[in-house]
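Please look at the structure below before reading on. The paragraphs after it lead through a few of its parts in turn.

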Amino acid sequence: MAKLSENVICVTCPKGCTLIVTRDGETVIDVENGCKRGKDYAQQELIDPRRMVASSVRLKGGLHPLLPVYTSVPFPKPRIPELLALLRKIEISTPVTLDQIVLENVLDTGINIHASREMKVVTG
Amino acid sequence: MTIKVRYDVVVIGSGPGGLAAAIAAKKNGAQDVLIIERDIEPGGILLQCIHNGFGVEVFKQDLPGPSYAQRFINEAFQVGVEFLLDTMVLNITRDHRIAATSKRHGFFTIQAKAVVLAMGCRERTRAQVRLPGTRPSGVFTAGTAQRWVNVEGYMPGKNFVILGSGDIGMIMARRLTFEGAKVERVLEVMPYLSGLTRNYVQCLMDFDIELQLKHTVKNIIGKNRVEAIEAVAVDDRWNYIPGTEEIIPCDTLLLSVGLIPENELSRQAGVLIDPVTAGPFVDDGFQTNIPGIYSAGNVVHVYDLVDWVTEAGLIAGRSAARLVQKGPQLNSKTIPVKAGENVRYVVPHNLNPDHLAEDDIRIQMRVRQPIEAPVWVEVRIGGNLLHRKAEPYARPGEMVTIPLKPAHLDEVKAASELTVAIVKR
């Protein structure tokens, strides 16, 4: 298979480096312009692209009607719509602590969904 | 809580800048430290920024906004910072008298030895970018939509056009897509992205949302509700290019067209404002022209990363604590820092070389024109190079920082002014 060289913008950190990735099929041969995390990102992006996902779930008994939640690690990109559909059905109750697990091993990915903040019980 | 008559340090605003300033003031020896916040809970705009990307510098972790805020809220309570929530500051005087009001305490005044302004910034509105057309419902700033979608649980529309490629606009494009809306287009009047490149990738490209550079809104169509917008291409001087008009049906137009530091209170106190940043003129300790009044974070200039806002808050809080304990530093000479070649503005506006003896001073700037090639960031004294740093490129959307080090002390001390420039390598 022919070697391919292409530009990939790294989304690992806010720097947003433009990586020059040379690959042979799904094997990355060389990454220019990136740090160690950039190289890992380039390889991961080719075989199994993943993204951090942040959304919200319904909340009962808190200051607000929603609780912000996030994935502990990057989540498989093609399955994000499935994850969002699932989160839409969830409702939880206060009190909630920061980083509390809202869903464990979501969609059998081994990834947990955590609360992005604490939410105390609001009475009255 | 009971309100005291006197405080060592009073911080206005409990966003990341204010929280960091209060924590640093307390940790550096200030006794009574109070944060006044107009919202019913501390944290500021971070609470509605539920996306990831915060804390990469400070915590070496990729956190959502509320998590980042929570860490500092917890620390502030832990070190004994006092909070007055749901309280609006009405006025600050040059001698640090603060007038405020709340439902609980009514109108009251307190006296501070030092004040830290940390009111953050506000979004530019439709009126400020002079968008033509009718005035139907359905034209909102991106941050307002963000608050509704992420905190209050309302969807402001079904089909969106977003004007402006700022980070909040792109992040909202993804967020609205997540919640089932359709984002028809993102329009940007400039020839380049105004937010971070990674947000273009993970918020627009990932969801096939089209971005058109050098395009703007020519007309808003609709009587009671937005029915469509008319987009148009512009030339380098932002003139409409005839024949390029396109009607894009939508029910909502979001504006992500820039942030302006919120300095009404600063002006009332007599703080001088830099017309370029729209924030106070500050020294390296973030003191304004009024002794004992400091400012930190987006109220000074709009940062791209919250991590840098925190850092600015820590410096301002430390400076305020130093003033409270040691009194004003008299007879200290300050040296102006000027924006030179291809630099739109620089912060701090002046620096005290004595501080350089103790620690690095970070000089932050924004480039005037993008350079998509390796550059030098230079600090010059007269025509001579004092210090330079290489960067792979320079973009207006991404702040550039160069640290001055204690090793530069002697040369800086002897200088009448410093100039910063960004030039091609």
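This is a predicted model: local features need pLDDT of at least 70, side-chain atom pairs count only at pLDDT 80 or more; totals for chains, interfaces and linings use all residues.

Residues are numbered from 1 along each chain as its sequence is written, chains are lettered from A and ligands numbered from 1 in the order in which they are written, and side-chain values use heavy atoms, with hydrogens and water left out.

Begin where the chains meet. Here 29 residues of chain A are in contact with 33 residues of chain B (contact means heavy atoms within 4.5 Å). The area buried between the two chains is about 2,700 Å², and carbon and sulfur atoms give 57% of it; buried area is the accessible area (1.4 Å probe) that two parts lose on being put together, summed over both. Between chain A and chain B there are four salt bridges (a side-chain nitrogen of Lys or Arg within 4 Å of a carboxyl oxygen of Asp or Glu). One of them joins Arg88(A) to Glu179(B), at 3.8 Å from N to O. On the side of chain A that touches chain B, strand E5 (54-60), strand E6 (66-71) and helix H2 (80-89) each supply at least two residues. Helices (H or I, at least four residues) and strands (E, at least two) are DSSP runs, numbered from the N terminus.

Another salt bridge pairs Asp206(B) with Lys77(A), their closest N and O atoms being 3.1 Å apart. This pair crosses between chains: Asp206(B) is in the loop between helix H5 (197-204) and strand E11 (211-213) of chain B, and Lys77(A) is in the loop between strand E7 (75-76) and H2 of chain A. Asp206(B) is buried, with a relative accessible area of 17%, whereas Lys77(A) is partly exposed at 26%. Buried means under 20% relative accessible area, exposed over 50%, and partly exposed in between (1.4 Å probe, protein chains only).

Over all chains, the whole structure has 36 salt bridges. Within chain A, Glu6(A) forms one with Arg23(A), with the closest N and O atoms 2.7 Å apart. Glu6(A) lies in strand E1 (residues 3-9) and Arg23(A) in strand E2 (residues 18-24) of chain A, so the pair ties together parts that are 17 residues apart in sequence. In chain B, Arg362(B) and Glu311(B) form a salt bridge, also with a closest N and O distance of 2.7 Å. Arg362(B) is in strand E21 (residues 361-367) and Glu311(B) in helix H7 (residues 306-326), 51 residues apart.

Next comes the histidine. His51(B) is in the loop between strand E2 (33-36) and helix H2 (65-79) of chain B. Is this residue, His51(B), buried or exposed? His51(B) is buried, with a relative accessible area of 12%. Leaving aside residues up to four places away in sequence, the residues that His51(B) touches include Ala54(A), Gln146(B) and Arg174(B).

Five strands form an open sheet in the order E20-E18-E25-E22-E23, with mixed pairing; two strands pair if DSSP finds at least two bridges between them. Strand E20 (350-351) and strand E23 (384-391) are the edge strands, each pairing on one side only. Seven bridges join strand E22 (residues 375-381) to E23(B), and these run antiparallel. E22(B) and E23(B) form a hairpin with two residues between them, and Gly382(B) in the turn has a positive phi of about 60 degrees.
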